[in-house]
Amino acid sequence: MYDFGGNVLIEDEFLRDGLQNEARAFSVDEKLHFLAGLEAAGVKRIQLGSFVHPKWVPQMANTDALFAQLSPKPGVTYTALILNMAGLDRALAVGVKHLSISVSASETHSRKNLNKSVAEARAAIAPIIERALAEGIAVRAGIQSALGCGFEGRIDPARVEDIAKSYGEIGVQEVNIADTAGLANPVQVYGLCTRLRDVLPDATALSLHLHDTRGLGLANMVAGLQAGVRIFDSALGGLGGCPFIPKATGNIATEDAAYALAEMGLATGIDQRALGALTRELEARLGRALPGRMAHIDTGVTA
C-alpha cells in the first residue's frame with residue numbers, strides 16, 4: 001500500500017485548454033457561470049484563459065473581459081497563460097496575480113506553436129519571466145512536449161532537465177511538465193519527475209500537465225504522485241487538446257482525478273459529484289458526450 005501523504009492541488013484548465021479547440025464560442029457570462037460552478041465544487045486553482053492573439057485562438061478573445069468581471073473568492077487562485085511580453089502587459093492591466101508561460105522541448109512543436117526554435121523561445125521567455133516576478137506575479141514556467149512530441153516522438157530528458165534548471169535559476173515558484181501530445185507512460189513520468197526533483201531548488205514546486213490521449217492519464221498521475229508531485233492539471237469533463245498537434249485529445253477529467261485521489265486517501269477539497277453535474281451541463285451546451293467517466297458513473301442518484 002502506497003502512503004503518498006499530504007494534500008494535492010488540482011488546477012482546472014477547462015476555461016483555457018478545454019475551450020481553446022471548440023468551434024462554439026463561450027461568452028463571458030457563460031464562462032463566469034462555469035467558473036462559479038468550479039469554485040462551488042471546491043477547485044482551488046483555475047486557469048481562466050490565455051492572453052494570446054484572437055486570430056490564433058478565437059475562444060480566448062474575451063479573457064481580458066473575464067478577468068475584469070471576476071469576483072475573486074478567498075482561497076482560490078485565478079491564473080492564465082501568456083506567450084509573450086504583450087500577453088504580460090494585458091495580464092498586468094487586469095490585475096492577474098498568477099501566470100503560466102512555457103516553451104516546448106521539441107523543435108518541431110516549438111516552431112509550429114511559436115514560430116521559434118527552442119533556443120529562440122528560451123531566450124525570449126527569460127525577460128518575460130523576470131519582469132513578471134519583479135511585478136510580484138507568481139510564475140509557473142512550463143515545458144511542453146516534455147514527455148514526447150506528436151511530431152518527433154521521444155524527447156531527450158537531458159534537454160528537459162536543462163530547461164527546468166534554467167527556470168529554477170531564474171526563481172520561478174513552479175515548473176510544469178507537460179505531456180502535450182499524451183504520449184507518456186508511468187515509468188517515463190516517474191523517471192523524469194524524480195530526475196527533475198533532484199536538480200530543482202527545494203522551494204520550486206513541480207507540477208504535471210497530463211493529457212489522456214491514449215488512456216494513461218490517471219496512471220501517469222499516480223506515477224507523478226510516487227515521484228513526489230502534488231500539483232496536477234486537469235479539465236472539467238476531460239475537455240481539451242493542443243490546436244497545433246494532430247490527435248492530441250483532452251486532459252484528465254477533473255472529476256475523475258478528484259475521485260481517484262480521494263480513493264487513495266489524498267485530499268483535494270473537491271466535490272467530484274458537483275463537478276459531474278457541471279460536466280453534464282457542459283455536455284448539453286456542447287451537444288456531445290465528454291470523455292470524463294465519473295460524470296456518467298457517479299450521478300449521486302440512488303435506486
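**Exercise 1. Asn-115**

Task: Find which loop holds Asn-115, and decide whether Asn-115 is buried or exposed.

Solution.
- Step 1. Asn-115 sits in the loop that links α5 and α6. Helices here are DSSP runs of H or I with at least four residues, strands are runs of E with at least two, and both are numbered from the N terminus.
- Step 2. This is a predicted model, where local features need pLDDT of at least 70, side-chain atom pairs count only at pLDDT 80 or more, and totals for chains, interfaces and linings use all residues. Residues are numbered from 1 along each chain as its sequence is written, and side-chain values use heavy atoms, with hydrogens and water left out.
- Step 3. The relative accessible area of Asn-115 is 64%, so Asn-115 is exposed. The cut-offs are under 20% for buried, over 50% for exposed and in between for partly exposed (1.4 Å probe, protein chains only).
- Step 4. Check the backbone. Asn-115 is not a glycine, yet its phi is positive, about 60°.

**Exercise 2. Helix α5**

Task: Which residues of α5 (residues 107-114) are buried, and why do they line one face of the helix?

Solution.
- Step 1. The buried residues are His-109, Ser-110 and Asn-113.
- Step 2. Look down the axis of α5: its buried residues fall within an arc of 100°, so they line one face. The arc is taken from the directions that run from the helix axis to the C-beta atoms.
- Step 3. Recall the general rule. An α-helix has 3.6 residues a turn, so residues three or four places apart point the same way.
- Step 4. Now find the cover. It includes β4, α6 and β5 (138-144). Contact means heavy atoms within 4.5 Å.
- Step 5. Ser-106 caps the N-terminal end, with a side-chain oxygen 3.4 Å from the backbone nitrogen of Thr-108. A polar contact is a pair of N or O atoms within 3.5 Å; within protein, one must be able to donate a hydrogen and the other to accept it, and residues adjacent in sequence count only if both atoms are side-chain atoms.

**Exercise 3. Helix α4**

Task: What caps the N-terminal end of α4, and which residues of α4 are buried?

Solution.
- Step 1. The cap is Asn-84: one of its side-chain oxygens lies 3.3 Å from the backbone nitrogen of Ala-86.
- Step 2. In α4 (residues 85-93), the buried residues are Gly-87, Leu-88 and Ala-91. They cover an arc of only 100° around the axis, which puts them on the same side of α4.
- Step 3. Their cover includes β2 (45-51), β3 (77-82), β4 (98-104) and α6 (118-134).
- Step 4. After α4 comes Gly-95, with a positive phi near 75°.

**Exercise 4. Two helix pairs**

Task: At what angle do α4 and α6 pack, and at what angle do the axes of α6 and α7 cross?

Solution.
- Step 1. Two packed helices are described by the angle between their axes and the distance between the axes.
- Step 2. For α4 and α6, the angle is about 15° and the axes are 10 Å apart. That makes α4 roughly parallel to α6. Axes are lines fitted to C-alpha atoms, for helices over the stretch in contact, and angles run from 0 to 180 degrees between N-to-C directions. Under 35 degrees is roughly parallel, over 145 roughly antiparallel, 65 to 115 roughly perpendicular, and the rest oblique.
- Step 3. Residues making this contact include Leu-88 and Leu-92 of α4, and Ile-128 and Ala-132 of α6.
- Step 4. For α6 and α7 (residues 157-170), the axes come within 11 Å and cross at roughly 20°. So α6 is roughly parallel to α7.
- Step 5. Among the contact residues are Ile-125 and Ile-129 of α6, with Ile-163 and Tyr-167 of α7.

**Exercise 5. Ala-80**

Task: Where does Ala-80 lie, and which residues does it contact beyond its neighbours within four places in sequence?

Solution.
- Step 1. Ala-80 is part of strand β3.
- Step 2. Its relative accessibility is 0%, so Ala-80 counts as buried.
- Step 3. Beyond those neighbours, the contacts of Ala-80 are Gln-47, Gly-49, Phe-51, Phe-67, His-98, Leu-99 and Ser-100.
- Step 4. Compare sequence with space. Ala-80 and Leu-15 are 65 residues apart in sequence, and their C-alpha atoms are 9.7 Å apart.
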